[in-house]
Each structure stands twice: as C-alpha cells, then as structure tokens.
Amino acid sequence: MIHGESAIASETTVRAGLSANLAKLWRYGLVLSRQRDVADDLVQQTCVRALERAQQFADGTRLDHWLLSILHSIWLNELRSRRVRFGQGQVEAREALVFDGAEIADQKMEALQVMKRVNDLPEAQRMAVFLAYVEGFSYREVATVLDIPIGTVMSRLAAARAKLAEGEV
C-alpha cells in the first residue's frame, strides 16, 4: 500500500506544480521550436505526459527539471519524426520575440539584436544558453535536463559565448 500512497503523493505534487511551471515550459518550448504554436503544443504534450507518468516523479527532486526533461524528450522525438517524414527537414525559424508596448524603442532594438544572435546559434548551444542563462540552471542541472555530460554543457556554453562575443551588440 505504501507504493500506492507514493504514487498518489507524486501525482498530487505534479498536478500542484504544473501551473507554476507553465511559463518556464513555454519559454523553453519557444527557444527550441522558435514557433509559438509549436511551443503551445509542446507544453500541452508535456503536461499530458507528466500527468500520465506522475508516479515516475521522485519526491524531493526538482519538478521543473523533470518537466523540462519531458519537454526536451518530446521535442527530440518531434525532430526525429520530422526528419523521417521530410528527410532532413528544418525547423522553420520565425521572429519569436514580442514586447510589451511600454518598452522603449532602444531596448526593443537591443533585445531583438540579442535574440537574433542567440537564435542564430546552433540548436545545441541555444538550448544550453537558455537553460543556463535565462532559467539560471547550474551546469550540472543543464546536463541533467539535456541528458548530456557536464563537460559538453561547458563546451557548448563556451562556444556560444565566443560566438556571441564576436558580434557584440
């Protein structure tokens, strides 16, 4: 019966934490896909999968890491599926940055330039930059979410910083 109680506790934790993580999931979905509608779909699929597999969530671990890992996995599966359907199909890149009307024009231009440079990074670097610098994850946490060695995270971030520094905004 303890196993059943644990599964119920996990489901309760996942349900309670989903809404608090929706914005973070959506931002990551947007970084990956560069498309709002695709980001929406990724978040929806992540929520469904998290609820279906809530018993797999280990109490005491960070729910946001678990959810981001699920979203990342769904994205990779989508990319594989697209490649199968369309050969080496590319993910369509659209302008994804929207500003509040109260923003000053200079801030808009600078932010657009930064976002363009970040969006021009290779996907692997872009994901690492988002998780480390936007979401504030440690290198170890980024490695966990992306399921790669920490040295690879460090390498990707160093390469991204070098590339971004080449054309400082």
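Visitor: Which is it for Phe-57 and for Trp-66, buried or exposed?

Guide: Phe-57 is buried, and Trp-66 is buried as well, where buried stands for under 20% relative accessible area, exposed for over 50% and partly exposed for what lies in between (1.4 Å probe, protein chains only). The model is a predicted one, in which local features need pLDDT of at least 70 and side-chain atom pairs count only at pLDDT 80 or more, whereas totals for chains, interfaces and linings use all residues. Residues are numbered from 1 along each chain as its sequence is written, and side-chain values use heavy atoms, with hydrogens and water left out.

Visitor: What makes the pair of Phe-57 and Trp-66 tilted?

Guide: Their ring centres are 5.3 Å apart, which makes them a pair, and their planes stand at 55°, so the pair is tilted.

Visitor: How do you know that H5 is roughly perpendicular to H7?

Guide: H5 (residues 123–134) packs against H7 at an angle of about 95°, with the axes 9 Å apart. Roughly perpendicular covers 65 to 115 degrees, against under 35 for roughly parallel, over 145 for roughly antiparallel and oblique for the rest, so H5 is roughly perpendicular to H7.

Visitor: What kinds of residue make up the contact of H5 with H7?

Guide: The residues of that contact divide into eight nonpolar, one polar and two charged. Among them, Ala-128 and Tyr-133 in H5 and Leu-157 and Arg-161 in H7 take part, contact being heavy atoms within 4.5 Å.

Visitor: Why does Arg-34 count as buried, and where does Arg-34 lie?

Guide: Arg-34 has 15% relative accessibility and therefore counts as buried, and it lies in the loop between helix H1 (2–33) and helix H2 (36–52). Arg-34 also has a positive phi of about 65° although it is not a glycine.

Visitor: What makes Asp-147 exposed?

Guide: Asp-147 has a relative accessible area of 70%, and so it is exposed. Asp-147, in the loop between helix H6 (139–146) and helix H7 (150–166), has a positive phi of about 60° without being a glycine.

Key:
Helix = DSSP H or I, 4+ residues; strand = E, 2+ residues; numbered from the N terminus. Axes fitted to C-alpha atoms, helices over the stretch in contact; angles between N-to-C directions. Nonpolar A, V, L, I, M, F, W, Y, C, P; charged D, E, K, R; others polar. Phe/Tyr/Trp six-rings, centres within 6.5 Å; stacked < 30°, edge-to-face > 60°.
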